[in-house]
Amino acid sequence: MKLIREFASKMDKLYVIEELDGFMEEQIRAAGIDCVGKELTGKLYELNPQLLRERIFGQKQETVDVGVAAVSRPPALCPGCPHRGFFYTMSKHKDFVIAGDIGCYTLGGSAPLHALDSVVCMGGGFTVAMGMAKAFELTGQTDKKVFGVMGDSTFFHSGMTGAAEIIYNKGSVIPVALDNSITGMTGHQDNPGSGCTLQGDMAESLKIEDILASCGYKNIIIVDPQDLTAMEKAVQDALASAEPAAIITRRPCLLIKRIKHDAGKCGVDQEKCIGCKKCLSVGCPAVMVENKKARIDPNQCVGCTVCAQVCPKSAIARKEN
């Protein structure tokens, strides 16, 4: 506060720019320092320079029409993302109800996968699924198949209590932990399952399967999500299980630098390709259609082969480096 007071004494007017609530502004005012903030900036939206210029100085951003329409480019899972195989598998089952969570896997709800029905809050992947299952039970809809989905980092942060609740309150829910060995969405921070602390020190690596087992899950299925046949079998085995079942999809994020990932890229045999566009259904940015035939961008492809596995004519194959 001393530094702020010294700074304010050199200014004609002090503006406090902060998103959401005016926490700093309130503390500065309470210290007797005159300032202005939320009455100008407001609490809504990202306070970028254009918005601040308009709200503080009343100057609207000038724009120039260059006559070019912007192409819609929605966010998508990265090429080779281990979550893609899981969500593609789930997308084929329209009778599933899937509660999602906060993470890069939230993109599993986007086109063309459309494999999430809700995203409420961190930890809601399991708890919202539990609420849905109980609601279906009360209304007699016992045929509903409910899955709760979250990543490994979210599981350690907010998912363990939800996993316990499903068991404790006898929920007809299959919890799914998408384990990519890192906190993918927010900057690749380590988590209790990665074996390192945030400071880079070695740490005990907690096992999701051990925690689920201690909660009471008797049938824990661990699967490589990029093996679509195995992924489908894991889902069906979990549904058919007479005992409480859970699924862990396990494959590291492609962006983890300390892990050596598989080499190679996929290519398309133009003679075999019939232009059915089935490969586009996996939602990979590296796959496209050009002159009515599939094409794979070699600059984006990482050779995960998910697109090759869905091709009905085996026109896509991996080419080793």
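1. Strand 3 (residues 145–151) is mostly covered, with six of its seven residues buried. Buried means under 20% relative accessible area, exposed over 50%, and partly exposed in between, with a 1.4 Å probe and protein chains only. Strands (E, at least two residues) and helices (H or I, at least four) are DSSP runs, numbered from the N terminus.

2. On the source: this is a predicted model, in which local features need pLDDT of at least 70, side-chain atom pairs count only at pLDDT 80 or more, and totals for chains, interfaces and linings use all residues. Residues are numbered from 1 along each chain as its sequence is written, and side-chain values use heavy atoms, with hydrogens and water left out.

3. Strand 3 has parallel neighbours. Strand 1 (residues 96–100) is joined to strand 3 by four bridges, and the two run parallel. A99 stands opposite G148 there. Six bridges link strand 3 to strand 4 (residues 173–179), again in parallel. In that pairing F147 faces I174 of strand 4. Two strands count as paired if DSSP finds at least two bridges between them.

4. Six strands form an open sheet in the order 2-1-3-4-6-5, with parallel pairing. Strand 2 (118–119) and strand 5 (219–223) are the edges, each pairing on one side only. Strand 4 also pairs with strand 6 (residues 245–250), in the parallel sense, over four bridges. L178 has T249 of strand 6 as its bridge partner.

5. Strand 3, helix 7 (residues 152–168) and strand 4 make a right-handed β-α-β unit. Right-handed means that, with the strands pointing away from the viewer, the path from the first strand over the helix to the second runs clockwise.

6. What does the side chain of T154 join in a polar contact? T154 is found in helix 7 and is buried, at 6% relative accessible area. Its side chain and that of Y105 are joined by a polar contact of 2.8 Å. A polar contact is a pair of N or O atoms within 3.5 Å; within protein, one must be able to donate a hydrogen and the other to accept it, and residues adjacent in sequence count only if both atoms are side-chain atoms. Not counting residues up to four places away in sequence, T154 touches D101, I102, Y105, M122, G123 and G159. Contact means heavy atoms within 4.5 Å.

7. Y105 turns up again with L77. L77 sits in the loop between helix 4 (49–57) and helix 5 (83–91). L77 counts as buried, at 5% relative accessibility. Among the residues L77 touches, beyond four places away in sequence, are F87, C104, Y105 and P285.

8. The largest nonpolar core has 67 residues; F87, F155, I296 and I316 have the most contacts inside it. Helix 6 (residues 124–138) gives the largest share of this core, six residues. Another core lies apart from it, of six residues, among them A8, V16, I33 and C35. A nonpolar core is a set of buried Ala, Val, Leu, Ile, Met, Phe, Trp, Tyr and Cys residues joined through side-chain atoms within 4.5 Å.

9. Overall figures follow. The protein has ten helices and ten strands. Of its 321 residues, 41% are buried. The C-alpha trace spans about 70 × 55 × 50 Å along its principal axes.
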